[in-house]
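Colleague: I'd like to learn how to read a model like this one, feature by feature. Can you walk me through it?

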Amino acid sequence: MTFRLATILVVTALGLGAAGAQYQVDTRSNVDYAEHDGVKLAGDLYLPKGLAKAPVLVAVHGGGWQGGSPASYRQWGPYLAKNGFGVFAVRYRLAKPGVTTYPQAVYDIKAAVQFLRAKAGELGVDPERIGAMGDSAGAHLVALVALAGDEPLFSSEYRNAPNAATPSSLKAVVGFYGVYDLWAQWQHDQIARPRDQIAEKFLGASPMQNRRVYFDSSPASYAIESKNRTRFVIVHGTNDDVVDVPTQSTAFQTVLKQAGFFARTVVVPGAGHYFVGSDSLDDPTSFGAFAAPKVLRMLEGAL
């Protein structure tokens with residue numbers, strides 16, 4: 001009896017009850033989605049087998065806009081696909097010493113959304129149920145595409161791309177320990193990571209050189225009533241020393257709610273940064289396993 005109860009608890013913790021884990025996973029690696037400035041962009045696609053017109057999320061890794069890979073979603077991709085949500089974990093152009101990728105990285109993620117919508121029939125996904133998820137810098141990028149993808153700043157380039165005319169709207173966004181205010185992140189960097197000025201490297205200037213770019217690149221700047229069709233799930237730990245929770249996740253949720261957005265929070269006790277890519281969802285004691293069923297439940301209502 002004790003073993004059976006323990007098994008039920010583990011299954012429930014991972015969200016693998018009667019409503020979940022009912023699909024096998026079709027995994028497709030290195031699916032090309034765009035080519036920008038001679039750089040081919042691709043991602044790994046996880047789809048629930050046998051589910052017609054599945055909802056799907058573009059998944060965007062973190063890494064300070066400088067590193068990381070789609071491998072961060074090798075746990076979450078199959079987990080969500082088993083539970084009926086496709087996941088397209090993508091690569092995008094990363095900043096290098098002396099080379100910024102803003103706003104190019106935003107265009108890359110926007111193109112991934114447009115690709116899924118344009119190829120929805122071929123892929124077997126629902127073009128009306130496209131969302132995005134991202135962690136850290138990835139959460140910044142998906143939130144910015146959701147709120148500002150149709151702004152002139154992020155619509156003037158790559159107009160001749162195959163899917164450029166396809167809408168990039170997102171129905172839902174899941175952001176894990178994201179950066180939503182670049183000015184606040186720059187201030188935090190001065191204390192938390194003075195030898196790695198991630199916001200400044202990404203934007204190519206300090207606030208003293210170009211304050212406007214910090215406003216334009218911040219998802220929080222676009223959280224207004226006319227854009228409140230996208231639903232948000234904000235996930236963060238209580239021990240994050242890389243991204244400051246009060247000035248990022250908490251402040252972002254506040255401005256979203258003020259503008260009438262659907263915005264929910266998942267707080268992970270004791271969690272720091274990076275657990276999306278490092279935690280095994282098969283370990284019921286991990287931070288990821290704590291967050292996964294809660295995120296899944298919210299996605300079921302939001303996407």
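Colleague: Let's begin with a helix. Which residues of H11 are buried?

Modeller: Ground rules before that. This is a predicted model, where local features need pLDDT of at least 70 and side-chain atom pairs count only at pLDDT 80 or more, while totals for chains, interfaces and linings use all residues. Residues are numbered from 1 along each chain as its sequence is written, and side-chain values use heavy atoms, with hydrogens and water left out. Buried means under 20% relative accessible area, exposed means over 50%, and partly exposed is in between (1.4 Å probe, protein chains only). Helices (H or I, at least four residues) and strands (E, at least two) are DSSP runs, numbered from the N terminus. Now your list: Gly288, Ala289, Ala291, Ala292, Pro293, Val295, Leu296, Leu299 and Ala302 are the buried residues of H11.

Colleague: How should I read the spacing in a list like that?

Modeller: An α-helix has 3.6 residues a turn, so residues three or four places apart point the same way. In H11, the buried set includes Ala292, Val295 and Leu299.

Colleague: What span does H11 reach from its first C-alpha to its last?

Modeller: The expected span of a helix is 1.5 Å times one less than its number of residues. H11 covers residues 287-302, 16 residues in total, and reaches 22 Å, close to the 22 Å expected. H3, with 15 residues, reaches 21 Å, close to the expected 21 Å.

Colleague: And how many residues of H3 are buried?

Modeller: The count is 13 of its 15, so H3 is mostly covered.

Colleague: On to charges. How many salt bridges does a search of the whole structure find?

Modeller: The general idea is that side chains of opposite charge can pair when their charged atoms come close. The criterion here is a side-chain nitrogen of Lys or Arg within 4 Å of a carboxyl oxygen of Asp or Glu. With that, the search finds nine salt bridges. One of them joins arginine 93 to aspartate 37, with the closest N and O atoms 2.8 Å apart. Arginine 93 sits in the loop between strand S4 (86-90) and helix H3 (104-118), and aspartate 37 in the loop between strand S1 (25-36) and strand S2 (39-48), so the pair ties together parts that are 56 residues apart in sequence.

Colleague: Are the two partners buried or exposed?

Modeller: Arginine 93 is buried at 10% relative accessible area, whereas aspartate 37 is exposed at 57%. There's a network here too: salt bridges link Asp37, Arg93 and Asp108.

Colleague: Which residue does lysine 119 meet in a salt bridge?

Modeller: Lysine 119 meets glutamate 122, at 4.0 Å from N to O. Lysine 119 is partly exposed at 29%, and glutamate 122 is exposed at 64%. Arginine 193 and aspartate 196 also form a salt bridge, at 2.9 Å from N to O; aspartate 196 is partly exposed at 21%.

Colleague: Last one: what separates the C-alpha atoms of isoleucine 224 and alanine 259?

Modeller: They're 35 residues apart along the chain, with 5.2 Å between the C-alpha atoms. Isoleucine 224 is in the loop between helix H8 (211-216) and strand S7 (231-237), and is partly exposed at 39%. You can read glycine 50 likewise: its C-alpha is 7.3 Å from that of tyrosine 23, 27 residues apart along the chain. Glycine 50 lies in the loop between S2 and strand S3 (54-60) and is exposed at 85%.
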